[in-house]
Amino acid sequence: MRLLEEFDFIDSIQPAYYRQSSVVKGIGDDAAIVRYTNEDTIMTVDTMVENVHFSTKTTDAFHIGYRALAANISDIAAMGGKPVAYVVSIVIPDSWSSHALHEIYRGMDELASTYKMDLIGGDTVSGKQLVLSITVLGTVLKGQARYRSDALENDIIFVTGTIGDAACGLHILLDESETDYERYQYVINRHRMPTPRVSFINHCSSIERMALNDISDGISNEANEIAKASNKTLIIDYHQVPSHPLLADFTLEQCLDWKISGGEDFELIGTVPANDWATLQKIAKETNIKITAIGMVQDDEKKNGTVWLRDGNTLNKLAKSGYTHLRG
Ligand SMILES: Nc1ncnc2c1ncn2[C@@H]1O[C@H](COP(=O)(O)OP(=O)(O)OP(=O)(O)O)[C@@H](O)[C@H]1O
Ligand SMILES: Cc1ncc(C[n+]2csc(CCOP(=O)(O)O)c2C)c(N)n1
Ligand SMILES: [Mg+2]
Ligand SMILES: [Mg+2]
Ligand SMILES: [Mg+2]
């Protein structure tokens, strides 16, 4: 790390004040203290590694921070909760300037401020590659968290937003022959600045049961996780999976890959009882979120734990084809 040594760096990222009254102790001691009385606590961690989750060729420092926090907040949304505070562990290579490091923190704070979240601690070490690991603390009303294991027979499977945008945006950024960035600004922004669906999910308290997962690795992975955790069979109609009109510029194979295996849209995939579908649509309209029914849950002893993709008259088993680390 150039220009700043560890403790000057920590001083320089310390917030001037805390937004949440639940923060009893933030940066400055051996650990942070947050105090609650009536809610369950949600904790989640996700890590972003240079050249795995981002490349400085395609992503500036501000967006590295923004995306990393968005990915973590998305997991809080996928549990049905509200994000409150975060701690950041950062591994910093020598080549990174203090300006770029502050840009990472500015990117995180841009998103944090919209949720009144506080940076309450972290850890700083030097190393060979930039690694940003964020732990987010969230809350949910006691006993009201949304689990992947809550799908039941005849539920409607839904997704928020459009699927495959972030993978398309990344493709544009990595394709050196592509120059029309203006045309693809929307999908590029979906890659750089994903919006976790916190507001929508926090308006769903009238819906008693909902299985939920967020889309980090692609719907083939996320739907399989719901099928497995719930021990049910998920049938998804490929043609119902919503995509942005810009994807029409690309081949059917590319669209299939981005929509099914792409990931990083940080939309939600879930299941609700058919009786609640009209209510869910109303909530989506009120919170300005697109939701689309993409299939049904079945209880079929021979198929439970698996996902099937309908394409016209054919039904094929949908294996996990999304992003997997440690491919073996
Ligand atoms: N190294 C680990 N040690 C302990 N638990 C882990 C580890 N890695 C993952 N888990 C746990 O496994 C479960 C699934 O984790 P996973 O990272 O696949 O979910 P996710 O964070 O929603 O997805 P993604 O990381 O793709 O955004 C979570 O309960 C997570 O806490
Ligand atoms: C430079 C660059 N190359 C490839 C990708 C694609 N990518 C990386 S990790 C991941 C899944 C989510 O990760 P995790 O499971 O760790 O949350 C995806 C789709 C990218 N974002 N940047
Ligand atoms: Mg994870
Ligand atoms: Mg998740
Ligand atoms: Mg993953």
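Mentor: We go through domains, helix pairs and ligand shells in turn.
Mentor: This is a predicted model: local features need pLDDT of at least 70, side-chain atom pairs count only at pLDDT 80 or more, and totals for chains, interfaces and linings use all residues. Residues are numbered from 1 along each chain as its sequence is written, while chains are lettered from A and ligands numbered from 1 in the order in which they are written.

Trainee: What makes up the division of the chain into domains?
Mentor: There are domain 1 (6-141) and domain 2 (148-317). The bounds come from an automatic or database domain assignment. Their centres, taken over C-alpha atoms, are 26 Å apart.

Trainee: How many residues of domain 1 are in contact with domain 2?
Mentor: 17 residues of domain 1 contact 16 residues of domain 2. Contact means that C-beta atoms, placed from the backbone, lie within 7 Å. On the domain 1 side, H2 and strand E4 (82-92) give two or more residues. H2 gives the most, with eleven residues. Helices (H or I, at least four residues) and strands (E, at least two) are DSSP runs, numbered from the N terminus.

Trainee: Why are H2 and H3 called oblique to each other?
Mentor: The axes of H2 (residues 61-78) and H3 (residues 98-114) cross at roughly 40° and come within 6 Å. Angles under 35 degrees count as roughly parallel, over 145 as roughly antiparallel, 65 to 115 as roughly perpendicular and the rest as oblique. H2 and H3 are therefore oblique. The axes are lines fitted to C-alpha atoms, for helices over the stretch in contact, and angles run from 0 to 180 degrees between N-to-C directions.

Trainee: Which residues of H2 meet H3?
Mentor: Among them are Phe62, Ile64 and Leu69 of H2, while those in H3 include Ile104, Met108 and Leu111. Ala, Val, Leu, Ile, Met, Phe, Trp, Tyr, Cys and Pro count as nonpolar, Asp, Glu, Lys and Arg as charged, and the others, Gly among them, as polar.

Trainee: What is the angle between H4 and H5?
Mentor: H4 (residues 165-174) and H5 (residues 185-192) pack at about 105°, with axes 7 Å apart. That makes H4 roughly perpendicular to H5. Their contact has seven nonpolar, two polar and two charged residues.

Trainee: Which residues are around ligand 1?
Mentor: Asp46, Ala71, Asp75, Ser216 and Asp217. Each has its C-beta atom, placed from the backbone, within 6 Å of the ligand. One is nonpolar, one polar and three charged.

Trainee: From which domains does the shell around ligand 2 draw residues?
Mentor: It draws at least three from each of domain 1 and domain 2. Val52, His53, Leu170 and Tyr323 are among the residues around ligand 2. By class, the shell has five nonpolar, four polar and three charged residues.

How values were computed. Two residues are in contact if their C-beta atoms, placed from the backbone, lie within 7 Å.
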